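Please read the following briefing alongside the sequence and the model.

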Amino acid sequence: MTETIVVKIGSSSLTSEEGGLNRERIAFFARELAALHESGRQVLLVTSGAVAAGFRKIGYAARPKIVHEKQAAAAVGQALLMQAYQEAFASYGADGGIGVAQILLTRADFSNRRRIQNAQLTIEELLKQRMVPIINENDTVATDELKFGDNDTLSALVGNMVKARRLVIITDMDGLYTEDPRKNPAARRIERVDQISDDILSIAGGAGSSVGTGGMRSKIEAARIAMRGGIPAFIGRVVEPGDLMLAVDGNGRGTYFDTSLHNLPMKKQWLGFHSMPQGRILVDEGAERALLLGGKSLLPAGIRAIEGDFHPGDVVEVCNLRGETLGRGVVNYAAWQAQAAAGLSSEEVRRRVEVVRMEVIHRDEWVTLKA
Ligand SMILES: Nc1ncnc2c1ncn2[C@@H]1O[C@H](COP(=O)(O)OP(=O)(O)O)[C@@H](O)[C@H]1O
Ligand SMILES: N[C@@H](CCC(=O)OP(=O)(O)O)C(=O)O
């Protein structure tokens, strides 16, 4: 089967702090991506840089902070960004160069199953026709509370959607360090991560430059989403010719995030990453083990507390008593039923609470999120 690689390039790798696109860098990345494409892989690019590319052209002195100014800058910059990629890719491949296609997505598109299915079919068709889809957030319509903001999360969701062989997040740092190396030059690079623990999350800080948005933190969150979906990830630098191929093949300048999990089917991707939980169920250690290790359904006996007002068929988040999210599932109980049944044995539930099914969440309607 043809391998698909999703590559994400951040603003800090494409633009300068003063704004405007760095054409040389774009030409360099196009060459790296073209080499991957010519090796027979299917290549998708998730690129930032629209705001950074556009703000100077509008006349703003620095990257704007006000929402509609950012959106205006992105509208100008997105056209410049696509034009630059189109020109750069034209020098590679057969007659007329490698074709590129623009796709703009929002978080809301991912939570609507029909819209995201359409996007998926379009992307699959473009890949089949050997085009390189170039994806960015649709900044003009993305409202603040529903925004990805940085493109790291978007790239992980795209990686899951196309069941990528690897997600490569290119940034200005050669991987995850034990601390932000800009703040502590003695920080050490971490070569491999096979589980994103709270410790790993806590060492990842914010953006290092005025053009970058998410920092290392959002990249680690993205790696976690990819790993949960069975997609290995890489975060690092691509600066010399051939670096991207090395990164894809496992010898890059950065940190590798390995996963032994299998791809999540689309239904479970929706449940895990795009659904809107209506409440939380807190469970004890026994239930945590049953859900995470035993592949079992959630029974009332393991429930310790209920938060929120949900109804049968709603999605809820399940957490342990330390507040860590274990996963999400579709509940068979209303909040009041779960409250009444909490901590009871199945026999007691049968006697005391009117329920249709014994499982509060059936294992087929569950997705684990603790990576
Ligand atoms: N633990 C860490 N290891 C490496 N980089 C870190 C860490 N914590 C914070 N950072 C910062 O994250 C920055 C990369 O994120 P960002 O500026 O958003 O880049 P991009 O535009 O490529 O998305 C680095 O320049 C670095 O200063
Ligand atoms: N959609 C925005 C992305 C914002 C951004 O800076 O993201 P990133 O550089 O990936 O942290 C843009 O194109 O400017």
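In its unreviewed entry, UniProt lists a "binding site" at Lys8, Thr171, Asp172, Thr213, Gly214, Gly215, Met216, Arg217, Ser218 and Lys219; UniProt positions follow the numbering used here, feature names are shortened, and annotations may be inferred rather than shown by experiment. The model is predicted, and local features need pLDDT of at least 70, side-chain atom pairs count only at pLDDT 80 or more, and totals for chains, interfaces and linings use all residues. Residues are numbered from 1 along each chain as its sequence is written, while chains are lettered from A and ligands numbered from 1 in the order in which they are written.

**Annotated site with Thr171**

- Thr171, one of the residues in that record, lies in the loop between β5 and β6 (192–193), where helices (H or I, at least four residues) and strands (E, at least two) are DSSP runs numbered from the N terminus.
- Thr171 counts as buried because it has 26 C-beta neighbours inside 10 Å; a residue is buried if 20 or more other C-beta atoms lie within 10 Å of its own, exposed if 12 or fewer, and partly exposed in between, with C-beta atoms placed from the backbone.
- Not counting residues up to four places away in sequence, Thr171 touches Gly10, Ser12, Ser13, Lys219 and Ile235, contact being defined by C-beta atoms, placed from the backbone, that lie within 7 Å.

- Asp139 lies in the loop between β4 and α7 and is buried, with 24 C-beta neighbours inside 10 Å; leaving out residues up to four places away in sequence, Asp139 touches Ala50, Val51, Lys70, Gln71 and Ala74.
- Asn151 is found in the loop between β4 and α7 and is buried, with 27 other C-beta atoms within 10 Å; its contacts, leaving aside neighbours within four places in sequence, are with Lys8, Val46, Ser48, Asn136 and Glu137.

**Annotated domain**

- For "domain: PUA", the unreviewed UniProt entry lists residues 279–358, a span that is 28% helix and 26% strand and whose end C-alpha atoms lie 19 Å apart.

- Most residues other than glycine have a negative phi.
- Arg130, which is not a glycine, has a positive phi of about 65°; Arg130 is found in the loop between α6 (113–128) and β4 (132–137) and is partly exposed, with 14 other C-beta atoms within 10 Å.
- Lys163 likewise has a positive phi, near 50°; Lys163 is found in the loop between α7 (152–161) and β5 (166–170) and counts as partly exposed, with 17 C-beta neighbours inside 10 Å.

**Helix packing**

- Helix α2 (residues 23–38) and helix α4 (residues 67–89) pack at an angle of about 50°, with their axes 9 Å apart; axes are lines fitted to C-alpha atoms, for helices over the stretch in contact, and angles run from 0 to 180 degrees between N-to-C directions.
- That angle makes α2 oblique to α4, since angles under 35 degrees count as roughly parallel, over 145 as roughly antiparallel, 65 to 115 as roughly perpendicular and the rest as oblique.
- The contact is made by Arg23, Ile26, Ala27, Ala30 and Ala34 of α2 and by Ala84, Tyr85, Ala88 and Phe89 of α4.

Conventions:
Contact = placed C-beta atoms within 7 Å.
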